[in-house]
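Subject: Structure handover

Hi,

Here is the structure I promised to pass on to you. Please open it alongside this note.

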Amino acid sequence: FFSSRRRHTRYISVTGVQTCALPISTGTKLITRLARYYTVFPVNKCGLPDFKRANRVINFVPVEEAERLAGLNACPVSHGGSVAAYAPNSHKIEMPIKESFACVEQYYATLFHEIGHSLKERGTHSKSGFGSQEYAKEELVAELFSSICLNACGLLCDKAFNNSSSYLDHWVKVLSDDKTLIQKASRDAWKRWQLLNGVTEQGAE
């Protein structure tokens, strides 16, 4: 569906127009679904000046322990993208430039979050869309994993903590029906921490 420079995306809108070949009855009115297809181009692939980052760069000073911990991950990380993301198919992490983050702690919090995704067993990543139950659980696990890493590196600051708390709170609400959610997500996050550090279930490296 996409090449290195363009992506084909589909947008489906719901309208109340009643003239359609296969209407879906919803009681008093008929609903139609109209599919539109667009070709879009990632902004970081267009060769455009990076106006947004020009006035908000920080003096990034690497944190030795965080760099060491991130280096334990075998998943390749590239910098220069417009968003932070892990691609399961290619098993790669894409990150914005380090200087574009609000603070050093936020950069490492984001990096560890994506590393958390990359440590999920290959081939088991959910194909469900944004907002689904599976998606929400995976986001919780990755964010908890990031918190474990930050704590291990001594990188605790109000901004990173508040961002993480808000993010976790959102996904907890999505999964509010699962009363054992936090326990399951915490267990999975800890397993990924052990995997990153080469620790077996018995505690031996």
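Predicted model: local features only at pLDDT ≥ 70, side-chain atom pairs only at ≥ 80, totals over all residues.

Residues are numbered from 1 along each chain as its sequence is written, and side-chain values use heavy atoms, with hydrogens and water left out.

Buried here means under 20% relative accessible area, exposed over 50%, and partly exposed in between, with a 1.4 Å probe and protein chains only.

S6 has two partners to look at (strands pair if DSSP finds at least two bridges between them). Strand S4 (residues 77-79) runs parallel to S6 and is joined to it by three bridges, with Ser 78 opposite Glu 94. Strand S5 (residues 85-87) pairs with S6 in the antiparallel sense, also over three bridges, and Ala 87 has Lys 92 as its bridge partner.

S5 and S6 form a hairpin with four residues between them. His 91 lies in that loop and has a positive phi of about 55 degrees although it is not a glycine. Most residues other than glycine have a negative phi. His 91 counts as buried because its relative accessibility is 19%. Its side chain makes a polar contact with that of Tyr 86 at 2.7 Å (a pair of N or O atoms within 3.5 Å, one able to donate a hydrogen and the other to accept it; residues adjacent in sequence count only if both atoms are side-chain atoms).

Now the largest nonpolar core, which has 30 residues (buried Ala, Val, Leu, Ile, Met, Phe, Trp, Tyr and Cys joined through side-chain atoms within 4.5 Å). Among the members that touch the most others are Leu 69, Phe 112 and Phe 145. The elements giving two or more residues to this core are helices H2 (64-71), H3 (104-118), H4 (133-153) and H6 (181-196), along with S6. Beyond its neighbours within four places in sequence, Phe 112 is in contact (heavy atoms within 4.5 Å) with residues including Ala 66, Phe 145 and Cys 149.

Best wishes
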